[in-house]
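Please open the model in your viewer, with the chains coloured separately, and follow the stops below in order.

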Amino acid sequence: MKRKSQTQLFDKTLVVEAIKQSFVKLNPRIMFRNPVMFTVEVGTAYMLAVCIWILTGEKSQGSFAYNLSVFFILFLTLLFANFAEALAEARGKAQADSLRKTREDTPAKLIQPMGDLYVNEIKIISSSQLKKGDVFLCEAGEIIPMDGEIVEGIATIDESAITGESAPVIREAGGDKSSVTGGTKVLSDKIKVKVTTEPGESFLDKMIALVEGASRQKTPNEIALTILLAGFTLIFIIICITLSPFSDFAKAEIPISSYIALFVCLIPTTIGGLLSAIGIAGMDRALRANVIAKSGKAVETAGDIDTRLLDKTGTITIGNRKATHFYPSTGIAEADLIQACALSSLGDETPEGKSILELSGKEITSRLSSFVKGAVLIKFTAETRTSGVNLQDGMQIRKGAYDAIRKISDKSGNVFPANTENQVKEISSNGGTPLVVAQDGKVIGVIELQDIIKPGIQERFQRLRKMGVKTVMVTGDNPLTAKYIAEKAGVDDFIAEAKPEDKMTYIRDEQHKGKLVAMMGDGTNDAPALAQADVGVAMNSGTQAAKEAGNMVDLDNDPTKLIEIVEIGKQLLMTRGTLTTFSIANDVAKYFAIVPALFITSIPALQALNVMHLHSPQTAILSAVIFNAIIIPLLIPLALKGVTYKPIGASALLRRNLLYYGLGGIIIPFIGIKLIDILVTLFS
Amino acid sequence: MNTEILGVIFIFAASVALAIPLGKYISKVYGGEHTWLDRFFNPVEKIFFRIAGIDPLKQMGWKQNLIALLTINLIWFILSMLVLTNMSWLPLNPDGNPSMSPDLAFNTSVSFVSNTNLQHYSGESGLSYLGQLILMLWQFISAGTGMAIGAVVFIAMKEKTSEQLGNFYNLLVKSCVRILLPISIIVALVLLFRGTPMTFDGKDTVVTLQGDTMQVSTGPVAAMVAIKQLGTNGGGYFGANSSVPFENPDYLTNAVENISIILIPIAMIFALGYFLKRKKLAWMIFGVMTAGFILLVIPTIYYEMNGNPAIAHMGISQPLGNMEGKEVRFGPAASALWEINTTNTSNGSVNSMHDSSMPVSGMNAMLGMMVNAFYGGVGVGFLNFYIFIIIAVFISGLMVGRTPEFLGKKIEAREMKIAMIIFLLHPFLILTGTALASYLAAHDTAMGWWYAGNASAWLNNPGYHGFSEMLYEYTSSSANNGSGFEGLGDGNPFWNITCGVIMLLARFLPIIGPVAIAGLLAKKKYIPESAGTLKADTATFGMMVFAVILVLVGLSFFPALALGPLAEHFSLY
């Protein structure tokens, strides 16, 4: 994480803001959006009424102090739940503010095609006045006022405000690198930029709104979970209401406070109170990973991805091919071969040429300067398919494809060394490219060029496979090379000699089989595929078209970012699932605390159910309600950070989470309630 | 080992051993595959289809299948009402039994059409032979209905993406003709050879050893007992059901009848495995159901065999265990097994009086009905289990970080809504029913037309046991079980009508819900499995389903059980 705004979980200013908001959120109209907590609010209001009723002289409901404490704890429960949501929102807001700083009003040089005085007159206006389609000018040292696409010029741009990356990037009109983001700074040259979004509708604006919770819509999974929780709430409403005639029959007098305590303890307040905080925290985590998601649904869908398409170059392999080995022919010293190779590459500007020098080592290259004088570089041409150097002393060094060098060798009447011939074959079959070297028509050895697979990439693919995500490599290489690299990098499938429409076809085929497909792309020709994919992540450096088509934008332009996005999506669902399980599992212990307490006076035999040996019916009920309240703030860190995702397979993951949150959810409240009961007994 | 316990183990093992091949056969029947019985059944079925003008090959969607089911059930209900309220003058009434009152006829018709067989009458005096025969017909077709609609869900689970979910009429006829009828004939023959009556003559006159003359009710008993056991019906020919020697003469018939209770419910699970070609899934479901079943049956046998401590306190030895309300020829272990069998499967026939069981046994019987999915009723037991699967899939899907899916279909808000409503319905009906009755009893309300006398008078036992009686009655109605704690005075308009309404709702809504979910899922796009998919046919997922059932049912009924059987238990011990 590069941005400085990595806030602590309980940052002081955020906490203060969140506490304020927890009271504001008590407004029933806001509360109503969360059915579980709304019923708690109704219960709390009822308890307040009971307290007042007792003050007016009612005797049947127990002591005023006891009823007041129940009311007070319920009130705290509400505040805790609100606090969780408010804290998540405050963290989101803090994150958004740091982004928004980059978007403060900046002057913009609007180019008016028909100005007041002359054509293309420049008028300085505020950035907020820019409209879609306007063209503005931006020169060195100025902040770009608005997202847009360069229509004229080329410039280096400092994007550190958005990406945190300090190295400047080049953006130019036309091509795939024409898009600029508002808030970034032009370092050199000047560009004309066409505004591509209406004010307030840029990705950043959308993301800020999402993180702040203002425009947060519930995702389909969240809606389904809300239904489940509403169902649980309903069942406990039924239980608590029917308990009244049951107790009439059992001749047990149950005060109102006990019904409300039972109800509040049983309904899933833990997950109900934390649900929206979990959702906001998920969006916040995406933003912290420098990913702008256009909706919460996109992040959740990412967790379900089955297949993802990945470009080979720059993702799986490091840029271009690199020289990895020198193999001298029989009778040639390795040092001589290396020297010849280095000489032939001195003037070679291609990445391959540079990598040969790199492999040769400084020691050799530094000695070469004496040879350089008067040397003539022979550039690569399509006819000769070789390149090299003619030295002043007449020595000719050539390097090139096997058959081209073989011709030279044969012409000079030299025998092609058998060991080199074998070496050439071996290199080819290993997915490398052999580059044969000849000195004055005599073959002296071969250089192996290899695609370098990024270190650690296999493990990442392995990790993805365990998550159930299949990786597909997209490359322009021929099928043989592609297959070799695919195997070596450990991807599951590849598209060789890929054209842009191939990606589209592949995505469609996968989707037809019912799979969810993700891809990353930057170019305009990626746009249709980005739109077709279920999760399309556009690079921030990419064209506007690509960004419009995808449903996420990666500010870091990091092709491996998808892994993090998938994990964030999974974490989001898991946190909801585990806390739901925990919440429901807690009810077992709460039943054993409250049910004996309700009936112990009228049915002494039920003392047998008081397995925790709680002190008295009052302390039992208070302990259960207190436990129910304090578990919410205790779980806030987990809700905001998310449950750790481990790619160990679905069944193993379920076992693990069932053990921790299911069994743990049954056992912990037994211990917690007992401890609280001891404390409550001590203080009362 | 104790022979009684060996007997119990034998009965259960034989049930499972017979259910596996039967499941294979059922799967073939529903899959339309060829069996060697085709040459007997094809002509019979052809006659049915020709008369009814039904094309058995015409495929229907889930809604059409449900409409067919509901319409045909309504017709049966009306027919049943007509016969029961007029049987005094209709033929086949040699004993001259009277017609039923409208509220009792309503209760009885609903009860038999809904496969509940709650009986607020005694067969020997309350029905003519025509009445018995018409109820026997419902025993066939209500069981067939459950199996047929279960098969519709099987088909929905099998199809990758389809709206063509078989033909309800075809599946119904096949269930009755090819599955229920042949097995019933075998069971009836065994009963017949062991002495169960099968006649259309009126009461027999017997001279006892003392020289008294006695009138003994008989009738077409063997046929009815066979189908009442096999079709999870439970409505006996006589009031005292399978505890009467005429219905259940000896230990052998008891074993056969006991096996008959759980045979088809278990076979349906294996049929699902064969039908979907997912045997592991069937074993997972069977494993979960059996684990629940065994957890209920062991304590029941234990408490029944150990007798009543209150009697022990009086210094009376109980070498046979708790024998109150039990038949000596069966003993406490076999009776306890039957009690759990019959309540888990929504059968409801009895060979002992559940009212006289120990409190824990009574509670376990109620728990079986509260879950109603440990094997469950023929066809519908799996539908109830399906709801628990959907809820378990949803929670566990979230727990592994993936949008929940079951057999390649996504579970979304709509399915969850239906699943939650259906899950809520059962506790809602049981708890509100019991709440109403206990309110009236607690306040000793005068009932007017609804009940002759004040409400508390319908309880023969006050206190915890009285509460259990009311709870049991509504649990039995809502689980479409039909057994009862017979101390309750339930033959009156109040109980007839409230139980009737509950039976109706509890029969048809839990059929509509799962079929709707299965139909909606069948329409969805099929998602192939990947390493991230949570597989449904694993022991881990089985554990999850089991935990969901345990926690959901436990949480729903704990307070009610605490006030009834648990309070009684802890007061006794």
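Select the contact between the two chains, which takes 59 residues from chain A and 52 residues from chain B, where two residues are in contact if their C-beta atoms, placed from the backbone, lie within 7 Å. This is a predicted model, in which local features need pLDDT of at least 70 and side-chain atom pairs count only at pLDDT 80 or more, while totals for chains, interfaces and linings use all residues. Residues are numbered from 1 along each chain as its sequence is written, and chains are lettered from A and ligands numbered from 1 in the order in which they are written.

On the side of chain A that touches chain B, the elements giving two or more residues are helices H7 (220-249), H17 (457-467), H22 (561-599) and H24 (650-683) of chain A; helices (H or I, at least four residues) and strands (E, at least two) are DSSP runs, numbered from the N terminus. H7(A) supplies the largest share, 18 residues.

Next, select helix H9 (residues 269-288) and helix H23 (residues 617-641) of chain A, which pack at an angle of about 20° with their axes 9 Å apart, the axes being lines fitted to C-alpha atoms, for helices over the stretch in contact, and angles running from 0 to 180 degrees between N-to-C directions. Among the residues making this contact are A:Gly273 and A:Ala277 of H9(A) and A:Ile631 and A:Leu635 of H23(A).

Finally, select strand E5 (residues 154-158) of chain A, which 2 bridges join to E8(A), the two running antiparallel. Within this pairing, A:Ile157 stands opposite A:Val186 in E8(A).

Methods
Two strands pair if DSSP finds at least two bridges between them.
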